[in-house]
Amino acid sequence: MWWDRNGEYVSRVLTPPAVPTSPAPHAAPVPPGGHPGGVSNDDFRAAMSRLASGVVLVTAREASLDADDPQAPVGEDVGMTATAFLSVSLDPPLVMVSVREGSRMDDLLAEQPLWAVSVLSESQRHIAGRFAMKGRISDRLLFEDIPYVRGGASGAPLVGGALANLECRTEQRVEAGDHTLVIGRVLTATTPSADGGPLAYFRGRYRQLG
């Protein structure tokens with residue numbers, strides 16, 4: 001607002017200059033079978049298959065149907081082949097295993113805090129394949145002809161002939177995409193067998209070192 005030559009008030013709305021705008025960025029294309037802003041499932045699998053992993057059998061025993069009744073039937077032993085297993089900490093001794101969300105092992109470990117791990121040797125490829133197959137028979141039959149002892153701390157099967165056996169108690173469960181990361185404190189650790197090398201998993205196949 002200002003005065004004109006005749007002493008009158010004059011008002012004017014000033015329009016601010018237009019600010020140039022850049023075009024909106026286009027969303028990254030979603031690769032076939034992939035995720036927005038991420039890699040495709042096939043490319044991810046192919047890349048991770050180049051990472052060699054050790055192979056373990058994770059086991060746990062279902063709790064009794066009635067803990068107050070010593071005559072009540074106990075639950076079955078459950079086993080799962082895993083390649084996503086690693087040491088997390090030395091003090092305290094912690095390990096971690098990744099289990100598929102909604103699987104029987106995931107459901108069991110959500111209720112049963114005690115479980116065990118057997119580090120498989122190169123001669124135990126048949127055990128790894130047996131507990132990894134789809135549409136498998138009952139766990140009771142899977143364990144039927146496998147030599148094992150029952151862990152004193154966990155009650156879970158410890159496979160005979162394994163390179164190492166560990167018994168664990170769950171400390172933490174972490175949801176991670178379509179898997180659950182189960183972190184356990186190691187209660188016992190033994191190395192009953194020093195013969196042979198480890199069973200490895202590389203490019204979608206079980207392999208031996210060397």
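User: Let's start with one spot in the sheet: which residue stands opposite His179 of β12?
Analyst: This is a predicted model, so everything here is about that model. Seven bridges join β7 to β12, and the two strands run antiparallel. In that pairing, the residue standing opposite His179 in β12 is Arg100.

User: β7 has another neighbour too. In β7, what is the bridge partner of Ser89?
Analyst: Strand β6 covers residues 85-89 and is joined to β7 by four bridges, again antiparallel. A hairpin through four residues links β6 to β7. Across from Ser89, the bridge partner in β7 is Leu94.

User: How many of the seven residues of β7 are buried?
Analyst: β7 has β6 as one antiparallel partner and β12 as another. The strand is mostly covered, and its count of buried residues is six.

User: Can we zoom out? What is the strand order of the open sheet?
Analyst: The sheet is open, has seven strands and pairs them in the antiparallel sense. Neighbouring strands are turned against each other by 35° on average, ignoring direction. Reading across, the order is β5-β4-β8-β11-β12-β7-β6.

User: Which strands stand at the edges, and why is one side of each left without a neighbour?
Analyst: In general, strands of a sheet pair through backbone hydrogen bonds, either parallel or antiparallel. Here each edge strand has a single partner strand, so one of its sides has no neighbour in the sheet. The two edge strands are β5 and β6.

User: Over at β5, which residue of that strand does Val56 stand opposite?
Analyst: β4 and β5 pair over six bridges in the antiparallel sense. Helix α3, residues 125-132, lies across both strands and runs at about 110° to β5. The residue in β5 opposite Val56 is Ala82.

User: What about the inside? How many residues does the largest nonpolar core have?
Analyst: Val58, Met80, Val97, Met105 and Trp115 have the most contacts inside this core. Several elements each supply at least two of its residues, including β4 (56-61), β5 (77-82) and α2 (104-111). Apart from it lies another core, of 12 residues, with Leu57, Leu120, Ala128 and Val159 among them. The largest core itself has 18 residues.

User: Which residues does Met80 touch, leaving out those up to four places away in sequence?
Analyst: Met80 is one of the residues with the most contacts inside the largest nonpolar core. Not counting residues up to four places away in sequence, its contacts are Val56, Leu57, Val58, Val97, Ser98, Val99, Met105 and Phe131.

User: Phe131 is aromatic. Which residues form one aromatic cluster with Phe131?
Analyst: A search of the whole structure turns up three aromatic pairs. Phe131 belongs to a cluster whose other members are Phe143 and Tyr148.

User: How are the rings of Phe143 and Tyr148 arranged? What are their distance and angle, and what is the pair called?
Analyst: A pair of aromatic rings is described by the distance of the centres and the angle of the planes. For Phe143 and Tyr148, the centres are 5.8 Å apart and the planes sit at 70°, so the pair is edge-to-face.

Conventions: Residues are numbered from 1 along each chain as its sequence is written. This is a predicted model: local features need pLDDT of at least 70, side-chain atom pairs count only at pLDDT 80 or more; totals for chains, interfaces and linings use all residues. Side-chain values use heavy atoms; hydrogens and water are left out. A nonpolar core is a set of buried Ala, Val, Leu, Ile, Met, Phe, Trp, Tyr and Cys residues joined through side-chain atoms within 4.5 Å. Buried means under 20% relative accessible area, exposed over 50%, partly exposed in between (1.4 Å probe, protein chains only). Contact means heavy atoms within 4.5 Å. Two strands pair if DSSP finds at least two bridges between them. Rings of Phe, Tyr and Trp (its six-membered ring) pair if their centres lie within 6.5 Å; planes under 30 degrees apart count as stacked, over 60 as edge-to-face and the rest as tilted. Axes are lines fitted to C-alpha atoms, for helices over the stretch in contact, and angles run from 0 to 180 degrees between N-to-C directions.
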